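Please look over the structure shown below, and keep it in view while reading the report that follows.

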Amino acid sequence: MSQPSNTAARAATQASGQVGDARIATSLPGHPKTKKLIRRLGDGAAWKLVCLILWAAGNRPGGDLSGMSDEDIELAIDWTGEPDAFVRALAEVGFLDGEAGARQLHDWREHNPWAADATRRSEKAKWAALCKQYGRREASLIMPEYAERLRQALEAQAVGSAHGSETPATGTPNAESGTATGSASSTLSGASSTHVAVPDAASGMPLAESSSAPSPSPSPSPSPSPHSVPSGRGRGPRNSEELPEGFAEFWVENPRKDAKQDAVKAWRQLGLDTDAALRERAMAGLAAWKRDTRWFRDGAWRLEFIPLPASWIRGRRWEDESIARPAAAASTAPAAWQPAGEPPWWEQAGFECRDHAANFRCHAGNFREFRNGERIPEGTPS
């Protein structure tokens, strides 16, 4: 069996938001700090230093070890020497900054910029994908903290523009379509050296943070960007418009997931994106249909009886009178053997109708084993 290539493995790791490698300078073995570390703890300490760098790249890509005790740090790299000696020596020679519980790898961003920006790259990719699929409004509900940071960045850009600051022209992914555009954007740099790419005012909310750190050498091989869609000859970017108002909620709630673009078209044709009252009635009708035994029975969706979303919308099926009753009207007639004046057996068992009772395997022969819509536990006095 052939093994996956390093490039493919690295691309898969990047897609998952993790860091698959770290940058170690060729000067590390001969660096004065390394020599001092070896003099204190022996040659094995140098290897444990490398292990710590690799562990941090995969688990603390920002280089911040806050929240970990000195013992935790040593356990992470399987230090078997004197307890606390390794971390203490790293701090003495200058490989670690900060006090116990708030340690940081010295100049981590300078030496490992690719790993240091892993979290921001992951957030940026997730935000762009959500904007592309659902639009900025829905994406903001899913990632509220990220959206708030971008809103603050946009406000800061407006303040900077008011003071006549210049904005460099760069290619910024479009927030709605996720495709690259060549519009001007401003790059804001705060005291924390966090760079935020903010599109011009015409594009509305900024898309994502963008890292200015160069790729390390050797750098991970590039993988296809999630923010752009390749276009064929004579074709523009796809999905250039965000989903219409309310459609994302409808699509999540609808148990059938076929012909989405046709459903989007039908949603707009009936004005469900602009008429809030109509949209509310449609969603209420969908909720009623989901309770109907023609759609759901015995704990499973009956997809063969559920129409395509577009057909359901165009047929205005939320207006169907039959869904006002959980089952067919004939189901509410009492049984022929039932004494006059006595409630139907399903009502005595606590169900709305015969079909409702059937969902719980309640029937005329065992309805006395049920009460308030639930089977009576054995041993309960009647």
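## Salt bridges

In this predicted model there are 14 salt bridges, a term used when a side-chain nitrogen of Lys or Arg is within 4 Å of a carboxyl oxygen of Asp or Glu. Side chains of opposite charge can pair when their charged atoms come close. Helices (H or I, at least four residues) and strands (E, at least two) are DSSP runs, numbered from the N terminus.

Arg137 is exposed at 52% relative accessible area, whereas Glu245 is partly exposed at 34%; here buried means under 20%, exposed over 50% and partly exposed in between, with a 1.4 Å probe and protein chains only.

Glu148 is partly exposed at 32% relative accessible area, and Arg151 is partly exposed at 35%.

In another salt bridge, the closest N and O atoms of Asp320 and Arg317 are 2.5 Å apart. Asp320 is partly exposed at 22%, as is Arg317 at 28%. Salt bridges that share partners join Glu148, Arg151 and Glu155 into one network.

Leu52 lies in helix H3 and counts as buried, with 1% relative accessibility. Although Leu52 and Glu74 are 22 residues apart along the chain, their C-alpha atoms are separated by 8.7 Å.

## A nonpolar surface patch

A nonpolar patch on the surface is formed by Phe296, Trp301 and Leu303, which together have about 260 Å² of accessible area. Such a patch joins nonpolar side chains (Val, Leu, Ile, Met, Phe, Trp, Tyr) within 5 Å, from residues with over 30% relative accessible area and no salt bridge, and the areas come from the Shrake-Rupley method with a 1.4 Å probe, only the protein chains shown counting as cover for residues. Trp301 lies in strand E9 (residues 300-301) and is partly exposed at 35% relative accessibility.

## How to read the values

Residues are numbered from 1 along each chain as its sequence is written, and side-chain values use heavy atoms, leaving out hydrogens and water. As the model is predicted, local features need pLDDT of at least 70 and side-chain atom pairs count only at pLDDT 80 or more, while totals for chains, interfaces and linings use all residues.

Key:
Patch = residues over 30% accessible without salt bridge, like charges linked within 9 Å, V, L, I, M, F, W, Y side chains within 5 Å.
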